[in-house]
Amino acid sequence: MRIDLHVHSTASDGTDPPGALAEKAVAAGLDVVALTDHDTTAGWETAAAALPAGLTLVRGAELSGRWYGAEPTVGLHLLAYLFDPGHRPLAAELARVRRSREQRAERTVALLNDGGIDVTVPEIREYAAGGTVGRPHLAQALIRRGLVGTVGEAFAPEWLGRRYRLPKADIDAFTAVRLVNEAGGVSVLAHPRASSRGHIVPDTLIAELAAAGLWGVEADHTDHSAADRAHVRLLARDLGLRVTGSSDYHGANKTVRLGAFTTDPSVYEDLISTATGAVPLVGASRPPTPPTA
């Protein structure tokens with residue numbers, strides 16, 4: 001049983017529509033895939049409608065979190081699974097972050113314009129195609145102008161990594177864990193030691209989040225070295241947290257493939273038995289299309 005609990009679609013910053021992503025998951029040999037777009041559940045319905053026979057869909061989201069107990073503050077991502085999307089306090093926080101993403105994109109465009117780069121807000125929204133606006137959509141504008149060759153290059157310090165990087169209004173990390181739990185979901189801290197992204201989530205903070213109700217940590221991830229993965233596993237054991245593995249697939253925006261890392265089936269079974277806000281969806285066999293005359 002192959003389980004990938006962290007993938008993105010065009011509902012946020014992936015390049016595959018939710019329906020096509022389900023088909024690609026089957027082609028990659030996956031049995032279970034979790035759709036975890038940034039701060040949105042917009043892709044759930046489309047992914048469910050296109051679910052191929054035999055594939056299980058775990059509905060989730062990747063929440064933009066932040067710990068304000070230190071200076072500078074610590075940004076982190078929280079994977080939320082099988083929560084009730086109708087839970088009003090959580091839905092309101094997600095909507096607030098999406099609005100902040102839009103505002104950040106507008107401010108970044110203005111900053112790029114001040115730097116002599118002719119980028120427009122409508123162009124960035126066109127790249128987002130109705131999904132949650134993110135930095136990869138700004139990266140596309142830089143690629144189109146030949147200023148960088150890839151999304152990764154666009155995230156370098158001289159571009160969107162620092163010089164043209166602006167903050168957004170994230171969710172307080174402890175509030176995010178609490179709201180996911182209240183919505184019947186489970187929360188997993190995504191890529192906590194992804195130093196290539198510019199930060200490492202302190203072990204002391206992970207311990208505090210565990211005490212506040214964090215369910216698990218993502219150990220097996222493309223941005224973690226073998227030493228990082230071992231460290232996270234040991235920490236999870238000490239804190240009583242579950243360990244997941246995932247690809248963090250973004251389509252053409254990253255080189256990682258679907259199923260690059262996977263989650264142990266026993267951890268998955270624990271996840272679905274713990275969550276009460278929603279259930280996994282299993283693709284049903286469809287009758288064959290009758291031949292045309």
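P265 touches M1 and I3, not counting residues up to four places away in sequence; contact here means heavy atoms within 4.5 Å. The structure is a predicted model, in which local features need pLDDT of at least 70 and side-chain atom pairs count only at pLDDT 80 or more, while totals for chains, interfaces and linings use all residues. Residues are numbered from 1 along each chain as its sequence is written, and side-chain values use heavy atoms, with hydrogens and water left out.

- P265 belongs to helix α10, which covers residues 265-274; helices (H or I, at least four residues) and strands (E, at least two) are DSSP runs, numbered from the N terminus.
- Although P265 and M1 are 264 residues apart along the chain, their C-alpha atoms are separated by 6.6 Å.
- With a relative accessible area of 30%, P265 is partly exposed, a class that lies between buried (under 20% relative accessible area) and exposed (over 50%), using a 1.4 Å probe and protein chains only.

**Strand β3 and its cover**

- Strand β3 spans residues 56-67 and is mostly covered, with 11 of its 12 residues buried.
- In a regular strand, side chains alternate between the two faces of the sheet.

**Partners of β3**

- Two strands pair if DSSP finds at least two bridges between them.
- In the parallel sense, β3 pairs with strand β2 (residues 32-35) over 4 bridges, and the bridge partner of A34 in β3 is V58.
- Strand β5 (residues 171-172) also pairs with β3 in the parallel sense, over 2 bridges; here R66 stands opposite D172.
- Strand β4 (residues 74-81) runs antiparallel to β3, and 8 bridges join the two.
- Within that pairing, G60 stands opposite Y81 of β4, and a hairpin of 6 residues connects β3 to β4.
- Strand β9 (residues 281-282) is likewise antiparallel to β3, joined by 2 bridges, with L57 opposite L281.

**Annotated span**

- An unreviewed UniProt entry places the feature "domain: Polymerase/histidinol phosphatase N-terminal" at residues 3-67; UniProt positions are given in the numbering used here, feature names are shortened, and annotations may be inferred rather than shown by experiment.
- The end C-alpha atoms of residues 3-67 lie 29 Å apart, and this span is 25% helix and 32% strand.
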